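Below are a few exercises, each with a worked solution to check yourself against.

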Amino acid sequence: MFYFNVFNLVFIITNLNSSCINIFRNNKGIFPDGFLNFKRNPEKKDNLSQLNDVCNGNNLEGLESTDSDNKSKNLENSTVKNNKISRVELLFGSAGLKRLNSSNVFVIGANELSSKIITHLIRSGVSSVTVWDENKSLTRAILKEILILNPDANVKILHTDLLEHLSNYKYSAVIISNQPILTAIKFNKLFHKKINIVYASVSGCAGIVLNDFGDHKVHVTSDETYEEDSARILQLGEQSCLEVDSSKLSQYSKNDIIEVRYKEHGSENKLSQFKILNVDKSSEGSLKLWIDTRNDKLRDTVVSVRKVDKPEKLHFNTFESLINSVLTVNKFLNFVKRIFTHESIEKLVIGPDNNSSLNSKLVTVLASFIALSKTNSYNLPPESHLDLENFYAVTKQVYSESDYKVVSNFNCLKDFKIPSIISLIGGLAAQECIKAITHTFKPSDLILVDRSDIFSDESGQVDAENVRKSMSQVSKMSFLVVGSGALGCDYLKLLAEMGVSDVTLFDNDTVDVSNLSRQALFTINDIGKPKAQVAVRNLNLLHNTSGYKYYNRIFTEDSFELFDRHISEGNNYVAISAVDNIEGRVALDNFCLLNNLPMIESGIHGMKCIILRLPYTQYYIEIYIVSSSTSFMVPYITESFSSSMGDEAVSSDRYSCSVKGIPSNIDDCVFYSIELFSWIFNTQHMILNNFVKDPVKALEQAVKSGKNNFHNLIQIVYENLEIINSDEKKKEYVVNQWAKMKYDKYVGHESEYKNKLISALVNLKLKALKNVGIQPVNMDYDKFNLILNHGYKEFGDHMSGNKFRKEDFQRLVDVFVCNSRKNTNYEFNPLVIEEDCNDSTDFVYFVSNLRARKFNIPEASKTNLVRKAKNIVPAVSTSVSIASSLSLMELYKLPIIKSTIVSSRCMKEDRNGLSGLPTSLKNGNELVINDNVKLNLFVNKSEINFCNGDKTIFTLRPFNYSKLDYLCGFFKNHFFNSATMKYVTNTCEPPKVFTIDNKNSILNGLSLSYWDQFIIREHRVHADGLTKSSQHTVPYKFNSRNIINGPNTYCKLRPKELIYLYELVDLLEFIFDIKVDGLTFKNGYLIVGEHNRFKPLQDLLNHRSGQLFLHIIARDNKSNKVIELPDIKYSII
């Protein structure tokens, strides 16, 4: 019986393909005879009928190039072009980039979706794009819009017979954009295995991408790289043997391909690839690899080995066969096919649920696309539409298990234009096309997207009126965008397409040539200009964005006051983080916490669209976290950015042992080179420049800071003033001597890198030297010499093994000050590692490998080392588009839950007082703290005012966190890797809620989170300027009514009085039963003591305007342990 069953299964499989086609055709009405010959409106031929005419051989016109004359004037030279797409090469390799540079793509359909696709292809290095559409004026308009920000693009319009043209011209790929899916199926049957075909279409919140690349070979299957392992030669011959040390021995297997690195004297390491014939485990932590060296002899200078991907062959079916297999309801046939056909082509689905499998609901979306194509084939008037019931009936013909709610949502949303969906599908389609061209990374044959959930209610249903309201409300929001790099540019474009009119942009960077491949708002003409300014200016060429503002500066806490007025006026702000540094992210997160604003955070790394990037140090390491981080931070609903990172993510000492001590791998060596570069060319230059501005102040601060700081200052100023004071003709010689000294200090031995590293040091130092003209340096010589004498007497003159005499130092300073008044003044610009600066990348390469060699760590190539050093992430514009689109989709959910958030902040009264508050706040007890402070509570619907008598000290606005589980389900995290076609999503993490558990606290039982704050609002009043009646006095009588409710609460308060430190501290200590030790804030701290308790808080903080975060340092009175409390939001109004 067993053999009989197997025989029958094999028989079924051998006929499976033909069976699938028959099953597909037996779905009544899907492929009506002559379906290519219909016209939606008989009086006017549409795009589909024109495509049909061309397929039938009706000739049109000739082939023309758009703006060829202008384009020829903007052609880039080869150097600029190579730098422009350098990040693409890091991702697809030199072979993949070469294929892109020689590729030509044909696009059918001129529309918003194809515009996105074409732009991605151009910026990724595709040589030329030809477009066909029946509407030639629309085609020209779209291509001219593309050329605004891509003036060098080689784009053309086809005017000849489409079928004849495609038969005579060989294209790298054909993309069919937003055409009926039935047309794409027919077209695909004509050209299956003759040309790579990508079909992409969008309808409302749904999208589809179909791929047919025939018999396709993938040279690189994944973007994950294997670690290099040190290796030694044991035997040479036709079969050679290597002994490899590795912590992951199991990664090596027979028939794997390895990359062997050789050490070449005086040049970058050389690479060769070999096939593994056999693997022998020799001992713990090492193994023997027998490799085939018949065709390529192994050299005796092997340094390391690394496993690389093996090529993989994929076989694509036609669109018809693919769709048929997906729509097949027969589960037995599907099961048999999965087992016996060894299908290795991944399918990607992005749906409403966290489950990313191809379920019946998503198959219903596919069926809805086919039904939409079919219903459009009926000769209906343009304004007519099938009602839901009839549309569902057509969908049921296509797929018998179609879900009614999915069809209803699809039908409701199909006429809405959702920019983030169009952008997402455009990025995915272009990405698959690039995979086909480069033979790099595994493509998918089917991508299905359904994000109807961004507009659905609790039941999952979508209402058209609610969709319109949500889109309208989002367009009226105000946005703060920090960063105008790759993600920042895409965010700006999407916000403009969404109709947003109020955006403020921060970025202090300038446009670099390497930005052009993925930062969509910059052109070659913008290189060297401020990013923020150029981004806003260029965006206005495409959209009416006159309300967009920019600041050519980094976003810090000093920037907060720029928004105080706007937020106080009720502007509905959302913050978007598009920066690659922890300082900017944390500053933006603090701003959002301070003002209870939502924040969007995402990141990209090569083909990965990551939900969060956690930098361990200032040099950033990519950490991909899915379950414990968030891309959309919503006040009170999700965790904040800083709380999602965890303490270890911001530890500055994370790499202190390995970097400054003994490195354990090449990464540690790279970080060492970065720290050294930053110390020599950045920090030291800033120390010198601060000294030049005010020598006395700089010297005084150094002496106060201790021996190390004093010695560092003397040595840095001494070495750099020697260069500055030298004669112009001798400057290069002096710098050369300085460079040799640095080499001896940090390397200390001969190497083949010595001359090149010294040359790099010289060039970098001279590059940083800047003539600033006559800028006299003024200083108090008596005070300067007094401090200098004290420093030398206290700390001595032996510094880092060298002796810097006080008299020599004084002489150098005297000469410098004299020259600054007579001749010209110099300073050293702080430098950073630049990927297009050979000297800085050489520095990283040489120093990293020299340190690796010292500790017997395998050396690495310059490309890999520089990428690690500068965090030069391999990047392509498609990944940027996917990340920004997935993030901004979540925006539409904000208006839906806004009313829920508001209601959760209201405290309803019951017969005992206020529900949701601890019992101690509902009674009428008199809460006397001491002779000076008597607690009085004024409560309205959303906040509690804690007062000393009738003077408000601070306010708390409790939130009902019991609804967290429901509200968190609205927002999603996303992780997407288009190289491996992996997509993971889950709901956002709620904020960490802590409930006060102290019976002695009057707030016992109250739940709080990082989003909660004690709000202090003071007027700018000084104690000396107060009238007698308004000066601070301790109230003699306590208000007999302890809690006052009602709308007239505020008329009883005296807000213009100064708040004293003792009032704040005593109230906090009494309310929470704690001991307050101090307050920390930006650039300072405040230790509570008798010397300052009775001073005004405004004077102690020295804060005269804007807002300030105060973090409370406190201990529990009972356990004496440090406890967490909400921060204080302190405002001067």
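**Exercise 1. Which residues touch the most other members of the largest nonpolar core?**

Before you start, some housekeeping. This is a predicted model, in which local features need pLDDT of at least 70 and side-chain atom pairs count only at pLDDT 80 or more, while totals for chains, interfaces and linings use all residues. Residues are numbered from 1 along each chain as its sequence is written, and side-chain values use heavy atoms, with hydrogens and water left out.

Step 1: A nonpolar core is a set of buried Ala, Val, Leu, Ile, Met, Phe, Trp, Tyr and Cys residues joined through side-chain atoms within 4.5 Å. Buried means under 20% relative accessible area, exposed is over 50%, and partly exposed is in between (1.4 Å probe, protein chains only).

Step 2: The largest core has 135 residues, and Leu495, Phe555 and Leu891 touch the most other members.

Step 3: see who contributes. Helix H16 (residues 419–438) gives the largest share, eleven residues. Helices (H or I, at least four residues) and strands (E, at least two) are DSSP runs, numbered from the N terminus.

Step 4: Domain 2 (467–597) and domain 4 (907–966 + 989–1022 + 1049–1132) both supply residues, so the core lies between them. Those domain bounds come from an automatic or database assignment.

Step 5: Skipping neighbours within four places in sequence, Leu891 is in contact (heavy atoms within 4.5 Å) with Val474, Phe479, Leu495, Met498, Val574, Ile600 and Phe632. Apart from this core lies another one, of 68 residues, including Phe681 and Leu788.

**Exercise 2. Check the length of helix H31 (residues 838–854) and work out how enclosed it is.**

Step 1: take 1.5 Å times one less than the number of residues, which is how the expected span is defined. For the 17 residues of H31 that gives 24 Å, and the end C-alpha atoms are 24 Å apart, so the two agree.

Step 2: look at burial. In H31, 13 of the 17 residues are buried, so the helix is largely enclosed by the rest of the structure.

Step 3: Asn856 sits in the loop between H31 and helix H32 (862–870). Its phi is positive, about 55°, though it is not a glycine. At 70% relative accessibility, Asn856 counts as exposed.

**Exercise 3. How many disulfides does the structure hold?**

Step 1: apply the cut-off, a pair of cysteine sulfur atoms within 2.5 Å. The count is zero.

Step 2: compare surroundings. Cys205 is buried, at 1% relative accessible area, whereas Cys818, at 32%, is partly exposed.

**Exercise 4. What is the strand order in the open sheet of six strands?**

Step 1: read off the order, E20-E19-E18-E21-E22-E25, with mixed pairing. Two strands pair if DSSP finds at least two bridges between them.

Step 2: find the edges. Strands E20 (549–551) and E25 (632–633) each have a single partner strand, so one side of each is left without a neighbour in the sheet.

Step 3: inspect one pair. E18 (residues 478–482) and E19 (residues 502–506) run parallel over five bridges, and one of the bridge partners to look up is Asp502 in E19, which partners Ser478.
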